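Me: I would like to learn how to read a model like this one. Please take me through it feature by feature.

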Amino acid sequence: MVRGSRSRRWTAVSVLACAALLAGLPGPAQAKGFRARTLIKGIEHPATFDVAPNGDIFYGERLSGEIRVYVRDRDRTRWFFHIRKVVSSLTSGTGLLAVTLDPAYPDVPYVYALATRRVSGSVGRRCCGSPTTGARERR
Amino acid sequence: MTVLFRGASAGSQHNGGKIVFGDDGMLYVVIGERHSAGLAQKLKSALGKVLRLEPDGDVPSDNPFGRRNPAYAYGIRNSFGMAVDPMTGALWETDNGPECNDEINRIIAGRGYGWGSHATCSTPPSPPRNTNQDGERPRLPEWWVRTPIGITGLAFCSDRRLGHRSEGAMIFGDFNFNRIHRAFLSSNRRTIEAESAIFTHVRRVLSVEAESGRGIFFSDSKGLYRLVPK
């Protein structure tokens with residue numbers, strides 16, 4: 001990704017991994033037999049999430065590239081990670097698209113993400129290492 | 001943060017996607033075809049594919065199109081839902097059609113799912129073949145709907161939190177009508193026998209996930225929710 005000209009930039013769909021640092025309100029409209037119990041509201045476009053074994057929910061905000069955690073026991077959220085350079089648009093279907101936890105989480109404390117990002121050579125070198133073989137790092 | 005895989009440039013539409021771990025410990029990634037239907041049939045492009053990667057981003061040596069090709073299945077248009085059936089380990093995926101034919105596919109290694117440059121909503125061929133006619137022996141969806149619902153997240157209900165009937169059922173969301181659907185699989189869990197909408201939300205349903213013992217969760221543009229019986 002560093003071969004491009006100085007000014008060349010593009011948006012790439014990237015799979016990312018980052019190591020973990022840690023570890024009702026009335027529902028909306030109802031239909032037959034089921035209802036929605038609100039866990040958290042007032043967040044911005046949580047287009048993707050995954051549920052940890054302890055019930056915490058890691059969710060990705062599509063437009064900002066922020067990954068946050070809904071901490072079930074405390075009924076509050078906390079910041080987890082910011083995927084930088086995310087290019088996002090509701091009309092184009094871009095942004096932070098997917099977040100998933102390692103199946104062995106939290107014993108294997110990795111969180112995986114899929115995002116469209118604006119990539120330049122310098123950014124690629126600094127934060128990302130080899131795009132296909134870079135070892136994961138514990139933050 | 002480590003970049004594990006960098007696909008082709010994103011586009012103005014159909015960027016997908018979703019990532020899940022398979023029963024084999026591999027990372028499965030579905031990426032849309034960037035509004036270029038022909039790319040979904042090109043095995044050298046990562047677009048319009050379900051990809052299979054090692055958790056560190058390497059390409060597994062037993063991938064169906066060669067040890068250097070991350071592609072696992074092709075002919076995908078634009079997906080926002082993928083999940084592993086906990087009872088069989090099978091990989092299922094939702095795919096948005098154009099002005100017709102939203103669909104659910106059971107993903108099999110090396111198979112094509114038919115989206116490509118010949119796709120049309122006109123007939124013949126009759127649906128769903130009209131949007132699934134490209135490539136060699138295109139595999140038709142296990143479920144499809146002629147009027148697009150904007151199919152989104154997909155999960156499997158692995159417990160009885162939604163009632164006995166829902167245990168083992170497939171649950172998926174839609175963007176256009178704010179609904180959550182339940183689908184019943186056949187006894188061998190290879191096909192879908194019945195589907196119905198079971199809940200209408202106040203906003204568009206984005207993602208749907210399951211956690212064993214904790215039920216079904218979903219999101220909209222403003223929040224996270226748990227689907228519970230009345």
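Me: Which pattern does chain A follow, read along the sequence?

Reply: Helices (H or I, at least four residues) and strands (E, at least two) are DSSP runs, numbered from the N terminus. Read that way, chain A runs β-β-β-β-β-β-β-β-α. That is 1 helix and 8 strands. Two notes on the source. This is a predicted model, in which local features need pLDDT of at least 70, side-chain atom pairs count only at pLDDT 80 or more, and totals for chains, interfaces and linings use all residues. Residues are numbered from 1 along each chain as its sequence is written, while chains are lettered from A and ligands numbered from 1 in the order in which they are written.

Me: What is the mean pLDDT of chain A?

Reply: pLDDT is the predictor's confidence in each residue, from 0 to 100. Chain A has a mean of 74, and 65% of its residues reach 70 or more. For chain B the mean is 95, with 100% of residues at 70 or more. The model scores ipTM 0.95 and pTM 0.88.

Me: Where in chain A is confidence lowest, and where highest?

Reply: The lowest is helix α1 (residues 121-128) of chain A, at a mean of 26. The highest is β4(A), at 97. Two stretches need care. Residues 21-31 of chain A stay under 50 in pLDDT, and the model gives them 23 contacts beyond four places in sequence. A contact means that the C-beta atoms of two residues, placed from the backbone, lie within 7 Å. Residues 121-139 of chain A are also below 50, with 39 contacts in the model beyond near neighbours in sequence.

Me: How many bridges join β4 to β5 in chain A?

Reply: Strands of a sheet pair through backbone hydrogen bonds, either parallel or antiparallel. Here, two strands pair if DSSP finds at least two bridges between them. Strand β4 (residues 57-61) and strand β5 (residues 66-71) of chain A run antiparallel, joined by 4 bridges. Y59(A) has R68(A) as its bridge partner in β5(A). The two strands form a hairpin with 4 residues between them, and G65(A) in the turn has a positive phi of about 80°.

Me: What does β5(A) form with β6(A)?

Reply: A hairpin, with 4 residues between the strands. D75(A) in this turn has a positive phi of about 50°. β5(A) pairs with strand β6 (residues 76-82) of chain A in the antiparallel sense, over 6 bridges. Within that pairing, V69(A) is partnered by R78(A).

Me: What is the strand order in the open sheet of chain B?

Reply: The order is β10-β11-β12-β13, 4 strands with antiparallel pairing. β10 (151-156) and β13 (192-200) of chain B are the edge strands, each pairing on one side only. Strand β12 (residues 179-185) of chain B pairs with β13(B) over 7 bridges. There, H181(B) stands opposite A197(B).

Me: How is chain B divided into domains?

Reply: Domain bounds come from an automatic or database domain assignment. Chain B has domain 1 (11-145) and domain 2 (149-230). Their C-alpha centres lie 21 Å apart. In chain B, 18 residues of domain 1 are in contact with 18 residues of domain 2. On the domain 1 side, β6 (81-84), β7 (91-95), β8 (102-107) and β9 (143-145) of chain B each supply at least two residues.
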